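The following paragraphs lead the reader through one protein model. Please keep the sequence and the structure in view while reading.

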Amino acid sequence: MKILDLKDIKKKQNYEAIKDAAAVIKKGGLVLFPTETVYGIGANGLDENAVKNIFIAKGRAQDNPLILHVSSFDMVEEIASDITELEYKLMDAFWPGPFTIILKKKDIVPSVVTGGLDTVAVRMPENIVANKLIEYADLPIAAPSANISGKPSGTCLEDILDELGPKMDYIIDGGKCAVGIESTVVKVEGENVRILRPGKVTKEDIETVVSSVILDEHIFKDLTPEDKVLSPGMKYKHYAPSTKCKLVYSNDNLKMVEKINELSSKYDSVTVICSNENQDKYKGMNVLTYGSKENISEIASNIFTLLRRVDETASDIVFIEGTAKEGIGIAIMNRLIRACSHEYIEI
Ligand code: TXA
Ligand code: MG
C-alpha cells in the first residue's frame with residue numbers, strides 16, 4: 001500500500017508526486033485524499049464501476065448520492081446543464097472552498113453517482129492536494145467523506161487508516177483537515193437558496209450574495225429511511241459512536257454544566273465532551289475537551305476525532321456540551337444531534 005506523505009510533497013515544493021495518485025484514479029482505483037473539510041474516498045466520477053467500488057468500500061446505501069469534485073468551471077459545464085446566473089454567482093463567491101451546489105445533471109454522469117436523481121452535487125475544493133489531484137486526473141472525482149457509513153467522517157489519516165486503508169489503492173496523508181466538518185450543501189430554488197446541509201459557509205455568508213437563504217427544516221429533525229428529503233444523506237444514521245451519547249445545551253453555561261452533573265449521577269462511568277473553559281467543572285468523570293468556546297472553528301475541527309475516541313473510554317454514557325445554533329455552530333449541532341441519535345436536551 002502506497003501512502004504519500006504530504007511532508008514529502010511540501011519538501012519537494014512541487015506536486016508531481018500527486019500524479020501517481022491521479023493515475024490510480026484514471027485507471028478506476030480508489031484514492032483516500034485530504035480536502036479542507038474532511039478526507040474523501042475518491043474515484044473517477046464518470047466511471048460507473050469505479051464509483052460502485054466507493055459504495056462497497058463505505059457500505060453506503062445506493063440511494064445516497066455522491067459529490068463530484070472539480071478543479072475548473074470547464075469541468076462543471078461538462079457534468080451540469082442549464083446553470084443559472086444565481087448558481088454561477090454562488091460558485092464564484094464560495095469556490096474554491098467548503099461549498100457544494102446541486103445542479104441539473106448531464107447524461108455523462110452515471111446514475112450510480114446521483115442515486116438516480118436528475119441532479120448532481122458539485123464542489124471545487126480549496127485544499128491544494130485535492131485540487132491538484134483533480135487537475136492531474138483531468139476528470140471530476142466522486143468522493144464521499146472517508147468513513148464507514150454511519151461513523152464520524154475522517155479528519156486525519158490516523159482516524160480512518162484501519163477501517164479504510166486496506167480497501168484503498170492509494171492513500172495521501174495530508175495531515176489534519178483545516179475545517180473538520182463536511183461542506184455546506186445548497187440548492188437554488190428560483191430566487192431562493194436552500195441549505196440542505198450546514199457547514200463552514202454559513203447562512204450569513206450566503207446572504208452576502210443572495211437575499212433569500214433558507215435553512216432546510218430537516219437540519220435538526222429526526223428522519224427515517226422512508227422520509228422523502230431533498231438531501232438523501234440526511235436521513236441515515238450518522239457520526240454515531242457505539243457508546244450512548246446525549247447532547248445537552250443551554251445558553252446559560254452554568255445551567256448546562258449543572259444539568260450534565262445532575263444527569264451523570266445515575267451512571268458509574270461517564271465521559272464528558274466539553275469546552276476548555278468547563279473542563280474542571282466535571283468531577284469524577286472522564287473529560288475530553290473540544291476547544292475554546294471563544295473559537296467555534298476550533299471546535300468544528302476537533303469534533304469528529306473526539307466522537308471517534310469515545311468508544312475507547314468504555315463509558316456507560318457520554319454527555320456532550322452543545323454550542324449555540326448560530327453561524328458554524330449550526331453545522332456543529334447538526335452533526336452532534338445525529339451523533340447522539342437525537343438524544344438532545346435544551347434547557
Ligand atoms: O466536504 C464534503 O462535502 C466531503 C468532502 C470529501 O468533499 N464530502 C462529503 O460527501 O461529505 P458525502 O457523500 O459524505 O456527503 C454528501 C452529501 C450527502 O448528504 C448527500 O445526500 C448529498 O450530499 N447529496 C449528494 N448529491 C445530492 C443531490 N443530487 N441532491 C441532494 N443532495 C445530494
Ligand atoms: Mg458523509
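**Aromatic pairs, backbone features and surface charge**

The structure holds five aromatic pairs; rings of Phe, Tyr and Trp (its six-membered ring) pair if their centres lie within 6.5 Å, and planes under 30 degrees apart count as stacked, over 60 as edge-to-face and the rest as tilted. The pair of Phe-73 and Trp-95 is tilted, because the ring centres are 5.9 Å apart and the planes stand at 45°. Phe-73 lies in helix α4 and Trp-95 in the loop between α5 (85-94) and β6 (99-105), so this pair ties together parts that are 22 residues apart in sequence. Helices (H or I, at least four residues) and strands (E, at least two) are DSSP runs, numbered from the N terminus.

This is a predicted model, in which local features need pLDDT of at least 70 and side-chain atom pairs count only at pLDDT 80 or more, while totals for chains, interfaces and linings use all residues. Residues are numbered from 1 along each chain as its sequence is written, chains are lettered from A and ligands numbered from 1 in the order in which they are written, and side-chain values use heavy atoms, with hydrogens and water left out.

Tyr-239 belongs to the loop between β12 (213-215) and β13 (245-249) and Phe-304 to helix α11 (residues 296-309), so the pair ties together parts that are 65 residues apart in sequence. Tyr-239 is buried at 3% relative accessibility, and Phe-304 is buried at 0%.

Trp-95 leads on to the backbone. Most residues other than glycine have a negative phi, and most peptide bonds are trans. The peptide bond from Trp-95 to Pro-96, however, is cis, with omega near -10°, and Pro-96 is placed in the loop between α5 and β6. Asp-82 is not a glycine, yet has a positive phi of about 50°. Asp-82 sits in the loop between β5 (80-81) and α5 and is exposed at 56% relative accessibility. Ala-314 likewise has a positive phi, near 50°; this residue is found in the loop between α11 and β16 and is exposed, with a relative accessible area of 60%.

The loop between α11 and β16 (317-321) also holds Glu-312, which counts as exposed at 64% relative accessibility. The C-alpha atoms of Glu-312 and Lys-187 are separated by 38 Å, and the two residues are 125 residues apart along the chain.

Helix α4 (residues 73-79) also contains Asp-74, which is exposed with a relative accessible area of 62%. On the surface, Asp-74 gathers with Glu-77, Glu-78 and Asp-138 in a patch of negative charge. Patches are made of residues with over 30% relative accessible area and no salt bridge, with like charges joined within 9 Å and nonpolar side chains (Val, Leu, Ile, Met, Phe, Trp, Tyr) within 5 Å. A salt bridge is a side-chain nitrogen of Lys or Arg within 4 Å of a carboxyl oxygen of Asp or Glu.

How values were computed
Areas by Shrake-Rupley, 256 points an atom, 1.4 Å probe, with all protein chains shown as cover. Lys, Arg positive; Asp, Glu negative; His and termini not counted. Charge placed at Lys NZ, Arg CZ, Asp CG, Glu CD. Buried < 20%, exposed > 50% of the residue type's maximum accessible area, 1.4 Å probe, protein only.
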